[in-house]
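Visitor: I'd like to learn how to read a few features of a structure. Could you walk me through it?

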Amino acid sequence: MNRQEAYKLMEEMVKSPNLRKHAMAVEAIMRSLCGFLKERLASKGVPFEPEEFDEEEWGIVGLLHDADYELVEKDPKRHTLVTEEKLRPLGVSERIINGIKAHHEGIKEGRDNFLEKAVYAADELSGLITAVALVRPDKKLSSVTVESVMKKFPEKSFAAGAKREQILACEKELDIPLAEFVKIGLEAMQGISEKLGL
Ligand SMILES: [Fe+2]
């Protein structure tokens, strides 16, 4: 599956404009994280399998992670499983399917690789950054700074749906300090701000 096919499927399955934007936001963050983590390993001289860091694949996981969200509304326990059913006959890689399943707690036991850990944390980060943009006077991502996101991070009542514990998987599971993780996510989203309408 390539990016174009994944995008088409996402559009077929997701009708809400906001959920489509969320898919694109997580795609952008995933692509940036892939590059960041790959470079970090390379700069430290740590050996890794190049297949582990395929930006397009990471992006596809971001694009499709919530694809069945509207379809499982009445049965949230099936979240990600309907997407799996759609992807399997298309011959989509296990890495992509597992990545999608790993972002949703209670489906797949544990997060086994960088991709799975990244989508888990990126999902909630995108929600927090969007919420911070929406309280700026111009509601623009260009007015959001790393500091403004960090300031809102401990405020539990702000964007309560953006689970802070899940975002903190960046530190616990990816060894990326929170502020750096916010910077990666913010810049990735700013790069597609027009598409996100923010
Ligand atoms: Fe999501």
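Visitor: Let's begin with Glu56: how exposed does it count as, and why?

Guide: Relative accessible area sorts residues into buried (under 20%), exposed (over 50%) and partly exposed in between, using a 1.4 Å probe and protein chains only. Glu56 counts as partly exposed because its relative accessibility is 31%. Before going on: this is a predicted model, where local features need pLDDT of at least 70, side-chain atom pairs count only at pLDDT 80 or more, and totals for chains, interfaces and linings use all residues. Residues are numbered from 1 along each chain as its sequence is written, and side-chain values use heavy atoms, leaving out hydrogens and water.

Visitor: Where does Glu56 sit, and what does it touch?

Guide: You'll find Glu56 in helix H3, residues 55-64; helices here are DSSP runs of H or I, at least four residues, numbered from the N terminus. A contact means heavy atoms within 4.5 Å. Leaving aside residues up to four places away in sequence, Glu56 touches Asn2, Arg3 and Arg31.

Visitor: Next, salt bridges. How many does the whole structure have?

Guide: The general idea is that side chains of opposite charge can pair when their charged atoms come close. The cut-off is a side-chain nitrogen of Lys or Arg within 4 Å of a carboxyl oxygen of Asp or Glu. By that rule, a search of the whole structure finds 15. One of them joins Lys101 and Glu84, at 3.1 Å from N to O. Lys101 belongs to helix H5 (residues 94-102) and Glu84 to helix H4 (residues 81-87), so this pair ties together parts 17 residues apart in sequence.

Visitor: Are Lys101 and Glu84 buried or exposed?

Guide: Both are buried. They also belong to a salt-bridge network together with Arg88 and Glu94. For another case, look at helix H10 (residues 178-190): Glu187 and Lys183 lie there four residues apart, about one turn of the helix. Their closest N and O atoms are 3.4 Å apart. Glu187 is partly exposed at 46%, and Lys183 is too, at 42%.

Visitor: Last one: how much space lies in the largest pocket?

Guide: About 720 Å³, a volume being the space filled by probe spheres set on grid points joined across faces, edges and corners. On a 1 Å grid over the protein atoms alone, a pocket is an open set of points with protein on both sides within 12 Å along at least five of seven lines, and lining residues have an atom within 4 Å of a point. Here 29 residues line the pocket, with Leu19, His22, Asp66, Tyr69 and Asp123 nearest its centre. H6 gives the largest share of the lining, seven residues.

Note on methods. Helix = DSSP H or I, 4+ residues; strand = E, 2+ residues; numbered from the N terminus. 1 Å grid on protein atoms, 1.4 Å probe; cavity = no way out; pocket = protein on both sides within 12 Å on 5 of 7 lines; lining within 4 Å.
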